[in-house]
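I opened the model to look up a few features by hand. My notes follow in the order I made them.

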Amino acid sequence: MPQKLSDYTLEEVAKHNTAESLWCIIDSRVYDLTKFADLHPGGVHVLLEVAGKDATEEFYGLHRQSVLLKFGPRYQIGTIKGSQSVIPLQQPGEISKVPYAEPSAWQGFHSPYYNESHFRLRAAIRKFVMEEIMPDAIQNDESGTPADDELYKKMGKFGWLACRIGPGPHLKMFNLPGGVKAEDFHEMIAHEELTSLGVSGYQDSIATGMIIGLPPVLHFGSQPLKDRVIPAVLSGEKKICLAISEPTAGSDVAALKTTAVKSQCGKFWIVNGTKKWITNGTFCDYFSTAVRTGKGPGGITMLLIERSEGLETKSIKTSYSAAAGTAYVTFDNVKVPVENVLGKVGGGFPVIMYNFNHERWLIIAGVTRSIRLVVEECFKWANQRIVFGKKLIEQPVIRAKLAHQISLLEPLHAQLELITYQMNRMSYNEAALKLGGPIALLKL
């Protein structure tokens, strides 16, 4: 439980200026850093220089405000009597007031794309992120630890997993964040808010495999398959990923070599081959898998393969965190029921291509949100960092750099909103046929 905060005078704080009792003030908040002194990366002597004093300028000259959000509640013991904070700490669910840190509709501009329910959706998900995910995100990303089963189930119960694979009947299985109705749903917000973590490996461990692996089941699976798999995945009980890429066939999907041959009894496909760079593969239960059942692009079929005898996964090292569970998958005479075909036999190539549209689009949504995070942090830093006697923001060259960032961001986001609007009003097939080019261009 957080400790009760007290009011102190400047004179009372000034008495605590030794290693045995080390207090300081940051923006009228009083912190007892006695137990933290030995843990401070800069050593205790750096803290002794500000012990008993107001350290606001020194702190904000070296640290982002997120440090206070992470460690502040643990060490804050009170506030200065009669003083008020100048730099507010952003609380869970709050919308940033930093210019261009949010889409314009969230900063006082009118928009044809959003209604009141979308504001509730973003606020609810953002609060969940800051309270349930953020506390462990950075540490887990650095250690390579993926999101645990408990968090998956919390997200499932919260309705957030269902929010991340688009509109459809599945949304009515859950109470959605912020009390949003299925018909008012906006998937882009669900992706944007997770990306705000800024830790790509760990955030990818939280159902990125599902986002690209479940839609083939959702749109092309048989009804019995949907009834069995979709509720289990969206509740967080089971995990799914997409298995397309191979060691010799990355972007060249038509060149894949993993084979599926009918068993003599005709009840199973026997799958042999390998897949590589499969996000979340190390801990998934289901694999939406591209296999070769004939020659050429027309000889590719999509199968839902369950983790079973003959299917093995190994973690592979990538350029980011091992938390994402990126896997090398091997299939050694794996038996797959013929009912697990997604779409038609030999019709897997269109399934893959249609699915890539959604995958590219969600990447764009995540990257755009990440750019806003960068703009926000740069604005904050330029306003708090004092160099040569004045804030960085007062330097024309810094303002020009910020303006250049924003000039690239805003047209990108405007086009993203336009394409998202089209996706929400087209059928799945119409969007797959018409939006492939515009989405690819936007990703570029």
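This is a predicted model: local features need pLDDT of at least 70, side-chain atom pairs count only at pLDDT 80 or more; totals for chains, interfaces and linings use all residues.

**Notebook: sheet, helix pairs, single residues**

Residues are numbered from 1 along each chain as its sequence is written, and side-chain values use heavy atoms, with hydrogens and water left out.

**Sheet**

Pairing here requires at least two bridges found by DSSP. Strands are DSSP runs of E, at least two residues; helices are runs of H or I, at least four; both are numbered from the N terminus. I then read off the whole sheet: it is open, has 5 strands in the order β1-β5-β4-β3-β2, and its pairing is mixed. β1 (6–8) and β2 (17–18) stand at the edges with a single partner strand each, so one side of each has no neighbour in the sheet.

I checked the loop between β3 and β4 (29–32), where Asp27 sits. Its phi is positive, near 55 degrees, and Asp27 is not a glycine. Asp27 counts as buried because its relative accessibility is 6%. The cut-offs are under 20% relative accessible area for buried, over 50% for exposed, and partly exposed in between, with a 1.4 Å probe and protein chains only.

**Helix pairs**

Two packed helices are described by the angle between their axes and the distance between the axes. Axes are lines fitted to C-alpha atoms, for helices over the stretch in contact, and angles between N-to-C directions run from 0 to 180 degrees.

I took α5 (residues 116–143) and α8 (residues 187–195) and found axes that come within 9 Å and cross at roughly 30 degrees. That makes α5 roughly parallel to α8. The label covers angles under 35 degrees; over 145 is roughly antiparallel, 65 to 115 roughly perpendicular, and the rest oblique. The crossing of α5 and α8 is right-handed, meaning the near helix is turned clockwise from the far one by less than a right angle, whereas anticlockwise is left-handed. I listed the residues in contact (heavy atoms within 4.5 Å). Among them are His118, Leu121 and Arg122 of α5, and Ile189 and Glu192 of α8. By class, this contact has 7 nonpolar, 1 polar and 4 charged residues. Nonpolar covers Ala, Val, Leu, Ile, Met, Phe, Trp, Tyr, Cys and Pro; charged covers Asp, Glu, Lys and Arg; the others, Gly among them, are polar.

I then took α13 (residues 348–384) and α16 (residues 436–443), which pack at about 35 degrees with axes 9 Å apart. Their crossing is left-handed. The contact includes Trp361 and Ile364 of α13 and Gly436 and Leu442 of α16. Its residues divide into 6 nonpolar, 2 polar and 2 charged.

**Single residues**

Which residues does Val217 touch, beyond four places in sequence? I found Lys226, Val229, Ile230, Ile240, Ser288, Leu304 and Leu342. Val217 lies in α11 (residues 215–220) and counts as buried at 0% relative accessibility.

Leu311 is in strand β11 (residues 311–315) and is buried at 6%. Its C-alpha is 6.4 Å from that of Asp332, 21 residues apart in sequence.

Last, I looked at Asn333 in strand β12 (residues 327–337). Asn333 has a positive phi of about 55 degrees although it is not a glycine. At 47% relative accessibility, Asn333 counts as partly exposed.
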